[in-house]
Amino acid sequence: MFSQDHLPLRVIQITRKRPEWRTEEEVKFVQSCLQEIESYQSYSLRLQFLLAKVIHFEWFERGRVILKKGHCSISFYFIYFGSVALMDDEDGSSIFTALYPVVLQKGAKFGEDSLLKGTRQVATVVCMEDTKLFVVDKDDFFAHKLDEELQEELCCRYNFIKGVNFFAKWSKRSIVTITNSCKMEKFHYGQVITKDITNSDSIILISKGTCEILRLVDLTACLSYHKWVHQQLTYLSKISPCLTRKTGAVGRKRFEDFLRKSFPVQDLTNLKAWDLKCNMSQGGQNVNRHPTAARAKRINQKLEKQQIGGCFR
């Protein structure tokens, strides 16, 4: 990962080469650096590789007009750092006087639809600040058949989304909008997709493979859980101390630690107080509910001391 506006010099040097002069290793290096751009990540790995093969770097100053409204697009752009505004006027002179301009930030792209469909620009694009861009020219775009790859990818996305029951009643226009705005990501076995799906701002659709959903349940107010924990601790106190060195007191302690670690926010203070209360007689005298428990406890303590001392009798 590269910090903010830092871009390795090697990337700039590679993108200055003609596409056919770039080696596969160089293209893959550019591809890895472009992962900083969110809109670039929305493409498949194959299309990312093809884009990295033809893309080049440009740097525009603040106030520079990149695309003019009504003109045919000859390139499309990825914003690596900086921001641009979409204006209605042709020369973009109202950029710094408009109250609420439409602004595209780092990670966005623009000019793709106009280039792909051969339509004219519907807005003027002006730099709000010094902006670093990665550019794909029209000639390279069609010469390397990126248009065919892009159309095929969009078609696959559209058919997949259309086949999902959740979107069955959605209009074609809405599905097309989702198709153009969604992105495809590949996750490896064991990789976490999202840590908390309840706080996610995205809908995740699985196109291939399977995943597991793990749910954290708060058992603080669950009486049956408290009862189960108490039963397990009581059972462990009854276990005969004449066990092996491996599964004796050490094994019991390991299980008790597991019970506490299995639910990090669990507070066993109330459980302990309840257990002590149950062990008190009505007259205020201590009565052991399990006659063998005290004996087992004393023997286990003796066993632990012997283990610590290095002797096992």
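**Figure 1. An open sheet of four strands in the order 1-8-3-6.** In this predicted model, four strands form an open, antiparallel sheet in the order 1-8-3-6. Strand 1 (56-60) and strand 6 (109-110) each have a single partner strand and stand at the edges, so one side of each is left without a neighbour in the sheet. Helices (H or I, at least four residues) and strands (E, at least two) are DSSP runs, numbered from the N terminus, and two strands pair if DSSP finds at least two bridges between them. Residues are numbered from 1 along each chain as its sequence is written. Because the model is predicted, local features need pLDDT of at least 70 and side-chain atom pairs count only at pLDDT 80 or more, whereas totals for chains, interfaces and linings use all residues; side-chain values use heavy atoms, with hydrogens and water left out.

**Figure 2. Strand 1, strand 8 and the helix across them.** Five bridges pair strand 1 with strand 8 (residues 131-137) in the antiparallel sense. Phe57 stands opposite Phe134 in strand 8. Helix 4 (residues 45-54) lies across strand 1, strand 3 (75-81) and strand 8, and runs at about 100° to strand 8. Axes are lines fitted to C-alpha atoms, for helices over the stretch in contact (heavy atoms within 4.5 Å), and angles run from 0 to 180 degrees between N-to-C directions.

**Figure 3. An open sheet of four strands in the order 2-7-4-5.** Antiparallel pairing joins four strands in the order 2-7-4-5 into an open sheet. At its edges stand strand 2 (65-67) and strand 5 (102-104), each with a single partner strand, so one side of each is left without a neighbour in the sheet. From one strand to the next, the twist averages 35°. Strand 4 (residues 84-87) and strand 5 run antiparallel and are joined by three bridges. Leu86 stands opposite Val102 in strand 5.

**Figure 4. A nonpolar surface patch.** Phe166, Trp170, Ile203 and Leu205 make a nonpolar surface patch of about 440 Å². Patches are made of residues with over 30% relative accessible area and no salt bridge; like charges are joined within 9 Å, and nonpolar side chains (Val, Leu, Ile, Met, Phe, Trp, Tyr) within 5 Å. Accessible areas come from the Shrake-Rupley method with a 1.4 Å probe, and for residues only the protein chains shown count as cover. Leu205 lies in the loop between helix 8 (172-181) and helix 9 (223-238). Leu205 has a relative accessible area of 35% and is partly exposed; this class lies between buried (under 20%) and exposed (over 50%), with a 1.4 Å probe and protein chains only.

**Figure 5. Salt bridges of the structure.** The structure holds eight salt bridges, each a side-chain nitrogen of Lys or Arg within 4 Å of a carboxyl oxygen of Asp or Glu. One of them joins the side chains of Arg18 and Glu20 (2.7 Å, N to O). Arg18 is partly exposed at 46% relative accessibility, and Glu20 is partly exposed with a relative accessible area of 46%. Another links the side chains of Lys109 and Glu112 (2.9 Å, N to O); Lys109 counts as partly exposed at 23% relative accessibility, while Glu112 counts as buried at 11%.

Figure 6. The side chains of Glu153 and Arg157 meet in a salt bridge (2.6 Å, N to O). Both residues lie in helix 7 (residues 146-162), four residues apart, about one turn of the helix. Glu153 and Arg157 are both buried.
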